[in-house]
Amino acid sequence: MSTVPAEFYSGGHRLSAVIYTPSDAIDHHGPGVVLCNGMRGVKEWIVPPFAELFAAAGYTALVFDHRGLGASEGVPGQVIPAEQVEDVRDAITFLSTLPTVDPGRVVLWGTSFGGANAISAAAVDERVQAVVTQVPFGDWGRVMRETLPASSYGELVAEFAADRVERVKTGLSQRISSGRILDNDESRKAIARSVREGVGERPELTFTLEAVERSFEYRPERVVDQLAPRPLLIIGSANDGVIPFSECQSLYDHAREPKQLRTLSIGHYDICEPPGSDQAAALALEFLAPIAFPANVG
């Protein structure tokens, strides 16, 4: 396997990326996978081990920083779902141009918020042949209502409603700490660990209230049925303290066949590091094998 830095453009912004190429890919025209990270994710965090496992299995894997995150251009913290979905679709286009990739065998993998983005991108982009999504959600506003203290939820709604008025008058949006959204023990522990390990810019990242409002309106369960007849695998964490497992169930219920829902008895972030990540990756690779390597079927 080899890794090389790369860049592509989305919405006029230069996005920073890394390509993971299989070791036998010189004369290889094989499957490709775009890996979609979580809400605050950068390409150095969570996704590299998954990209390595995909590359070892014969995929050319692409990881990238969304606009406004990591080393990419854009307004920092302007995490607007529709724009992230556009980034994913442009990542598909870029990946499909690589000489090691068969454009007819491109799949999406996503975790958490990136899992929702993978569903939303595939719903409108028929180039995607299959989707694997782990610990995703069907309705982010519902997640916030169910996981935030009632007073905190009410304050956020009031703040972005007031911000909406100010935006149309001034063109500016106020900022809040990401901790006000990820206000749970699991997220606090994960953030503290990433600070100790020096990965990314997590402690300083703030979100615009415009981005918060758009995220509250984000409901991938409304479009998940559009993936059919392309296969969908949802991997949920039974002990998830960030995104309730009921969100995975809701996505599954809204989706059409072919679909699978698999459950691991671990937490939200446990699925992103060994041994949870190894289990989740094994499920993903097994599920995708008939699409990625159809000649091996039977």
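Predicted model: local features only at pLDDT ≥ 70, side-chain atom pairs only at ≥ 80, totals over all residues.
Close-up 1. Ser112 is found in the loop that lies between strand 5 and helix 3, the latter made of residues 113-124. The phi angle of Ser112 is near 60°, which is a positive value in a residue other than glycine. Such a value deserves a look, because most residues other than glycine have a negative phi.

**Close-up 2. Val135, in the loop between strand 6 and helix 4.** Val135 is not a glycine, and yet its phi is positive, at about 45°. The residue has its place in the loop between strand 6 and helix 4. Is Val135 buried or exposed? With a relative accessibility of 0%, Val135 counts as buried.

Close-up 3. Pro229 lies in the loop between helix 7 (209-216) and strand 9. Pro274 and Pro275 are also joined by a cis peptide bond, for which omega is about 0°. In this case Pro275 is found in the loop that runs between strand 10 and helix 9, a helix of residues 276-292.

Close-up 4. In what order do the eight strands of the open sheet stand? The order is 1-2-4-3-5-6-9-10, and the pairing is mixed. The edges are formed by strand 1 (2-10) and strand 10 (259-264), each of which pairs on one side only. If direction is ignored, neighbouring strands of this sheet are turned against each other by 20° on average. Within the sheet, strand 2 (residues 13-21) pairs with strand 4 (residues 60-64) in the antiparallel sense, over four bridges, and Tyr20 stands opposite Ala61 in strand 4. Helix 2, residues 81-96, packs on the sheet and touches several strands, among them strand 3 (30-36), strand 5 (101-111) and strand 6 (128-134), while the direction of helix 2 makes about 125° with that of strand 1. Helix 8 packs on the sheet as well, where it touches strand 9 (232-237) and strand 10, and its direction makes about 165° with that of strand 10.

**Close-up 5. The packing of helix 2 against helix 3.** Two packed helices are described by the angle between their axes and by the distance between those axes. For helix 2 and helix 3 the angle is about 70°, and the axes are 9 Å apart. Helix 2 is therefore roughly perpendicular to helix 3, since angles of 65 to 115 degrees are counted in this way. The crossing in which helix 2 passes helix 3 is right-handed. On the side of helix 2, the residues that meet helix 3 are Pro81, Gln84, Val85, Val88 and Arg89, and their partners in helix 3 are Phe113, Asn117, Ser120, Ala121 and Val124. Sorted by class, the residues of this contact are six nonpolar, three polar and one charged.

**Close-up 6. The packing of helix 4 against helix 8.** Helix 4 (residues 140-147) packs with helix 8 (residues 245-254) at an angle of about 155°, and their axes are 11 Å apart. Helix 4 is therefore roughly antiparallel to helix 8, because angles over 145 degrees are counted as such. Here helix 4 passes helix 8 in a right-handed crossing. Arg142, Val143 and Glu146 in helix 4 meet Ser246, Glu247 and Ser250 in helix 8. Three charged residues, two polar ones and one nonpolar one make up this contact.

Close-up 7. Glu213 is found in helix 7, and with a relative accessible area of 4% it is buried. Which residues is Glu213 in contact with, once its neighbours within four places in sequence are left aside? They are Phe160, Arg164 and Arg167.

**Close-up 8. His28, in the loop between strand 2 and strand 3.** His28 has its place in the loop between strand 2 and strand 3. Leaving aside neighbours within four places in sequence, His28 is in contact with Gly58, Pro99 and Thr100. Ala130 is 102 residues apart from His28 along the chain, and the C-alpha atoms of these two residues are separated by 21 Å.

Notes:
Residues numbered from 1 in each chain as written. Heavy atoms only, no water. Axes fitted to C-alpha atoms, helices over the stretch in contact; angles between N-to-C directions. Helix = DSSP H or I, 4+ residues; strand = E, 2+ residues; numbered from the N terminus. Parallel < 35°, antiparallel > 145°, perpendicular 65-115°, else oblique. Left-handed = near helix turned anticlockwise from the far one by under 90°. Contact = heavy atoms within 4.5 Å. Nonpolar A, V, L, I, M, F, W, Y, C, P; charged D, E, K, R; others polar. Pairing = 2+ DSSP bridges. Buried < 20%, exposed > 50% of the residue type's maximum accessible area, 1.4 Å probe, protein only.
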